[in-house]
Amino acid sequence: MLGELLNPYYLQVLCFILINIMLALSIYVPLSSGQLSLGSAGFMGIGAYTSALLTIHYELPLYVTILVGALLAGVIGIIVGIPSLRLTGVYLAIATLGFGEVIRVLFVNWESLTKGSVGLTGIPQLGRELLKFAKSIGIEPSALGLKNNQFVYLSLVIVLLIIVLFILWFVIRQQNSRIGRAYSSIQMDEKAAESMGINITYYKVLAFAQGAFIAGLAGALFAHTIGYISPSDFSYHRAVEILIFTVFGGSEVIIGSVFGATILTLLPEVLRFVSDYRYIFYGIMLVILMAVRPQGILDLYLFYRLKGKRIKRGTS
Amino acid sequence: MQKYQKLFLIILATFMLILLTACGSSSTSTNSGGQSETSIEDETSGEVIQAKIGVISYLSGAGAAYGEAITQGLKLAQKEINEKGEVNIELVIEDSAGEAEQAVNAGQKLMADDSILAIIGPTLSTEFFAVAPEADLNGITIMGTSTTADGIPEIGDYVFRNSIPEALAIPAAMEKAVKRTGAKKVAIIYGNDDAFTKAGFEVMKRTAEEMGLEITTIETYQKGQSDYKAQLTKIKNTNPDLVLASALYNEGAVIIDQARKMGITVPFVGGNGFNSPQVIEIAGDAANGLIVGTPYFGDSTDPKIVEFNKKYEEEYGKKPDQFAAQAYDALYIYADALKRAGTGEDRDAFRDALAETKDFEGILGLFSFNEVGDVVMDVTVVEIKDGKFVEFEE
């Protein structure tokens, strides 16, 4: 049973689910301060390319490069975040979508560095590096009753799971702190928040940069999970996909992002048996869901109901 | 706060459960190739080599036409091979939707299944680059039938391809074109945001330099562009003897059409992607004078190709393209290696047998692998003359 569960295929899908949860959170955080950012695909690309190039050319350890990739994405998030403060709603969405495209076109055209549309091959895989490390300190996978292959993916899943749990913990804690309350007050009414003495510029840029950082981190981990990246991985298509994760699951609550990313990554895999028609099913489900529950599957109202509290609809 | 955390944990646990049940159910449903195996087994019991081949193909999304042609070519070959009765191949087909992520998932699914002997696909080079290293590490043979980018067979010992790379097709076309026209100056136009057309451009540039041709200008365009007049004006002003165009047929046809309207009358030389009857349909008379190097020439009078065209049309009601032909040959190459390996269960024996493939007679011509697993075969050069593809004559 255990050997069956540790099938590399399941573990690989689990890896993508965890990465997609991070990406969904990277939209959720700016959204919790009222900013709809579609730049996640671009920030993800920055993180992925930075980390991949650093490992390929300078052979730096992965934990350094992944962090550098995420930080660079965060810094660029600040740079992009400041001028886009003036924009709200759809205007911000379009501007950030444009930013993502600029990044993609940069990857395509900066051929001396990124090899253009052919993409980067031979990126060290995180799981394999962990296997090497484990062997160097004398842990043999066979001693744990695992095949090398299983160890590679299991360690990868564990690392990703820890990172995701940490991000979740951080975001949930933050929501109940001064910063989180500032975010939600800005989301409710920017002018009212400002008149209450909240530094809007600071908090909006902070939320934007946090989203960029998480997206960059997810991108770097993506590069080291899949081992090959090309600009088409970070296209406009990806940006929309990430947005759907959050909207599908429910954008009001953090668990909605987790839920949406999990279900929507799993769905195409589970629907493999209908082969050619699976994306039709996927599309139909999205249409039905948006018609029936435009706020996403999970919302605050549902949570109150689950807790057994009765509240009037519309007060949340 | 406490309650929230508890709830969160409960929900997380539920997801994990959903995940497990979902994975459990999906593993039982494999997509068999639609062929009944039992009838053949009964006739020649014991003699037949059984093998399961995994296929990763681009079956849904923008480029699904490629994947469809490939799987149809494979299924046709599968039917014929199984009818002959020496080997019995079962195809397990998985969709990649043209995304590297999905292709890796599909690949992992196939590799984790110990009964799968080898893999054919994925369709795009960008998918292949993600899947092939994994297959190589797992010791499972993988062969691309439509992946033409540089560096693919070099990924590892278990990685092969039977599609002619641009590095073979373009130089052949260029040499013949230069020989006939005596061209000295060439202009290049290519799409720089596509792995395929960019790889083609690099080959063109290298070959032009090697042949001592003067490159008058290099112009680029973006995927989905519809107006090429700016680039073509520049090309026209430099007055080249030949235009080298690394483009896919849908964009290429528009380029050649606009070029003719602007008065550029010199021949165009293109890569494999330019080789489609669609070019004539889109560009009409303007397509005359296009020269391409290709592994597959559909209107050839070669009896093998004529027969293949007939069988394919009977089965699917349309003419095969080069992707179908390459996939068709690929499965025959696999079947041939299977016969020599003598077993359908040993992945390593199969790989060794495949690597020894030499002068295999497929519909595309004599086929061999070189030491890294790349294609060795002759390239046909064709040109469009009077609205038809004909073989290039010097």
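Mentor: A residue is buried if 20 or more other C-beta atoms lie within 10 Å of its own. Keep that cut-off in mind, and remember that this is a predicted model.

Trainee: Are the residues of strand 2 of chain B that point one way, and those that point the other way, buried or exposed?
Mentor: In a regular strand the side chains alternate between the two faces of the sheet. Here Val87(B), Ile89(B), Leu91(B), Ile93(B) and Asp95(B) point one way. Asn88(B), Glu90(B), Val92(B) and Glu94(B) point the other way.

Trainee: Why is strand 2 of chain B described as largely enclosed by the rest of the structure?
Mentor: The strand covers residues 87–95 of chain B. It is largely enclosed because the buried residues number nine of the nine.

Trainee: How many bridges join strand 1 of chain B to strand 2 of chain B?
Mentor: Strand 1 covers residues 49–57, and the two strands run parallel. One pairing sets Lys52(B) against its bridge partner Glu90(B). The bridges between the two strands number nine.

Trainee: Which feature does UniProt place at residues 51–387 of chain B?
Mentor: Over those residues the chain is 45% helix and 21% strand. The end C-alpha atoms are 44 Å apart. The UniProt entry is unreviewed, and its feature reads "domain: Leucine-binding protein".

Trainee: What span does helix 6 of chain B reach, and which residue just after it takes a positive phi?
Mentor: Helix 6 covers residues 166–181, 16 residues in total. Its span from first C-alpha to last is 22 Å, close to the 22 Å expected. The positive phi, about 65°, belongs to Gly182(B).

Trainee: Which strands are included in what covers the buried residues of helix 6 of chain B?
Mentor: The buried residues include Leu168(B), Ile170(B), Met174(B) and Val178(B). Their cover includes helix 7 of chain B. It also includes strands 8, 9, 10, 13 and 14 of chain B.

Trainee: Which helices are included in what covers the buried residues of helix 7 of chain B?
Mentor: Phe196(B), Phe201(B) and Met204(B) are among the buried residues of helix 7. Strands 6, 7 and 8 of chain B are part of the cover. The helices included are helix 5 and helix 6 of chain B.

Trainee: Where is the cis peptide bond that has omega near -10°?
Mentor: Most residues other than glycine have a negative phi, and most peptide bonds are trans. Pro122(B) lies in the loop between strand 3 and helix 5 of chain B. The cis bond runs from Gly121(B) to Pro122(B).

Trainee: Is Asn239(B) buried or exposed?
Mentor: Asn239(B) lies in the loop between helix 8 and strand 8 of chain B. It has a positive phi of about 60° although it is not a glycine. With 11 other C-beta atoms within 10 Å, Asn239(B) is exposed.

Trainee: How many C-beta neighbours inside 10 Å does Lys115(A) have?
Mentor: Lys115(A) is in the loop between helix 6 and helix 7 of chain A. Its phi is positive, about 60°, although it is not a glycine. Lys115(A) counts as partly exposed, because its C-beta neighbours inside 10 Å number 16.

Trainee: How many residues of chain B are in contact with chain A?
Mentor: Chain A gives 36 residues to the contact. Helices 2, 5, 13 and 14 of chain A each give two or more residues to that side. By class, the side has 16 nonpolar, 14 polar and six charged residues. From chain B, the number in contact is 38.

Key:
Residues numbered from 1 in each chain as written. Chains lettered and ligands numbered in written order. Predicted model: local features only at pLDDT ≥ 70, side-chain atom pairs only at ≥ 80, totals over all residues. Contact = placed C-beta atoms within 7 Å. Helix = DSSP H or I, 4+ residues; strand = E, 2+ residues; numbered from the N terminus. Nonpolar A, V, L, I, M, F, W, Y, C, P; charged D, E, K, R; others polar. Buried ≥ 20, exposed ≤ 12 C-beta atoms within 10 Å, placed from the backbone. Pairing = 2+ DSSP bridges. UniProt positions renumbered as here; feature names shortened; annotations may be inferred. Expected span 1.5 Å × (residues − 1).
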